[in-house]
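Biologist: I'd like a close look at one part of this model, and then a tour of whatever surrounds it. Could you take me through it slowly?

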Amino acid sequence: MTDKSRQIFGNEISGRDYRKAVKSKRKYAKKYGDDSGREYPVRIEANPYIGESLGVQNVLVGDLMQNAHYDPDRDAKELTWDTEKGIIVGNIRMGFGHYRISMAIASAAKSMGYTPYWMDLNSYGETTCTKVIGAQNALYSLGSRLSKNPLFNRLVWEPMNYEGFRALSYNAADQKNAELMAPVFGNVPKEIPVVGTHVWPAQAAIHAGMKYVVNAIPDNWPMALHFAEGSIHTVQCHNAYMGYRICNGMAKDKVCEPMPKESLVYTGHYIDHELVVNIEADCKARMKRKAEKKPMRFLLTIGGAGAQKEIFAAIIRYLLPYIRENKAALYVNVGDYRNVWDALLAEIPEMREVVTEHFDDWAGTEEFARNALDDSNEVTGIHGFWHKNIFEAVYATNLLMRSCDVLVTKPSELAFYPVPKLFIRRVGKHEMWGAIHSAEVGDGTLECRDIPHTLQMVQMFLEGDLLREMCENIMTNQTIGLYDGAYKVVEIAMGLKK
């Protein structure tokens, strides 16, 4: 196989940068081992959390009996690969974003009659692959937390997320490291298409000889970090398409060799089937609630790094009087981070009187989300959601999104979802383009980089026409297929077999 760290889409990597890439791989191999000569057993099982909702089956690699989801009694009957209609969704857990995009791809695949296989490269604890990803994930998490420090954010975190990850030399190092990840695909049927919702699964699949690989790029700030040469790259917006096509700025001021046309496809936004097919009904319900002066429902999604906790605390304090007067209601999903919820309660003890907790009760969460869609049921107060399991923690936001009026989020992967959005401060400069794109297509605000501007925007939603305008824009966007990206990604992946 061609060494993908020496040349990237015809762009030569300098000897110095190539040696650094080799050194990076050697460092990880020395620390975590090189299992490229090992044969890992592979099997599949029904996903016990989102299997019923999304038709997902887990791909288990390595020591199956130690896998957290494997139950020898429940899973005694061996499931077999569907080599005709199966599609692998390759992902990692690095925050919630890549899991969320994976769920969108799986949802679209199921709706189209395919069998989605969930392959989380960060869940195979004994493998070098998972150890390397875990180490890099820990570094990224640390950077997110440290980004609360303005000096660190300005001098280290934003430059790294904006220009550091943009460089072709960064991709060269990643490609070398991804060679250590390939063994997890060793016993996976090579003819089953793979959709990577992070570049590492896509790179690993290519190195392992998987025949049909699609690399679903999450960000719309073009960065060489996301290259997996040998795969079909998909992007969610036209700005990203142009930037990736010419490898814009990836070798500083040098004009790069462009990506081949057949390696890059614009698809539109990666959105779950359940959300796409209900866009019109959900938007009309939002406008109806607004016209009838019912409590405006804000959905706050909070990650575990805590980088923006003070912003969410300010929003909750600001909305409390409106919540008591039944002019607003809150959904707060803290994912699988109970500590974040406890910290909010400690900081705002007065919110306890209007709080209802939906904790580690998936059936109860589903019931709440279902009832909230009934316009005869008025939602009041603050509803907190926490789930121990990562699948439920992430998917809870998807369930709650349909009945909320405004999604409050940083401008990351949720920037592309078909719901009115209020964007708070980013974590990493590359995320700012999510807010820019959303504001341009009319389904979200500009990025509010401080608390006063965030609260101003909350007030504009409560008192103005922003909600109605965004709902109308979302319905218009749907008519041109803006939110159909997940279906198109699946079509591309399955089409490669032909």
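Which kind of crossing does α1 make as it passes α6, left-handed or right-handed?

Modeller: Right-handed: that's how α1 passes α6, meaning that the near helix is turned clockwise from the far one by less than a right angle. Before going on, this is a predicted model, where local features need pLDDT of at least 70 and side-chain atom pairs count only at pLDDT 80 or more, while totals for chains, interfaces and linings use all residues. Residues are numbered from 1 along each chain as its sequence is written, and side-chain values use heavy atoms, with hydrogens and water left out.

Helix α1 covers residues 15–32 and α6 covers 168–178; they pack at about 35 degrees with axes 8 Å apart. Axes are lines fitted to C-alpha atoms, for helices over the stretch in contact, and angles run from 0 to 180 degrees between N-to-C directions. Helices (H or I, at least four residues) and strands (E, at least two) are DSSP runs, numbered from the N terminus.

On the α1 side, the contact (heavy atoms within 4.5 Å) uses Asp-17, Tyr-18, Ala-21, Val-22, Ser-24, Lys-25 and Tyr-28, and α6 answers with Ser-169, Ala-172, Ala-173, Lys-176 and Asn-177.

Now to Ile-133, which sits in helix α4 (residues 128–146). Ile-133 counts as buried because its relative accessibility is 0%, and buried means under 20% relative accessible area with a 1.4 Å probe, protein chains only. Leaving out residues up to four places away in sequence, Ile-133 touches Ile-92, Leu-121, Asn-122, Met-181 and Trp-200. Its C-alpha atom is 9.4 Å from that of Ala-178, 45 residues apart along the chain.

Elsewhere, the largest nonpolar core has 98 residues, and Phe-298, Leu-319 and Phe-461 have the most contacts inside it. Such a core is a set of buried Ala, Val, Leu, Ile, Met, Phe, Trp, Tyr and Cys residues joined through side-chain atoms within 4.5 Å. Helix α11 (residues 309–324) gives this core its largest share, nine residues. A second, separate core has 35 residues, including Val-132 and Met-210.

Last, the open sheet: seven strands run in the order β14-β15-β13-β12-β16-β17-β18, with parallel pairing. Two strands pair if DSSP finds at least two bridges between them; β12 (296–301) and β13 (328–333) have six.

Terms used:
Buried < 20%, exposed > 50% of the residue type's maximum accessible area, 1.4 Å probe, protein only.
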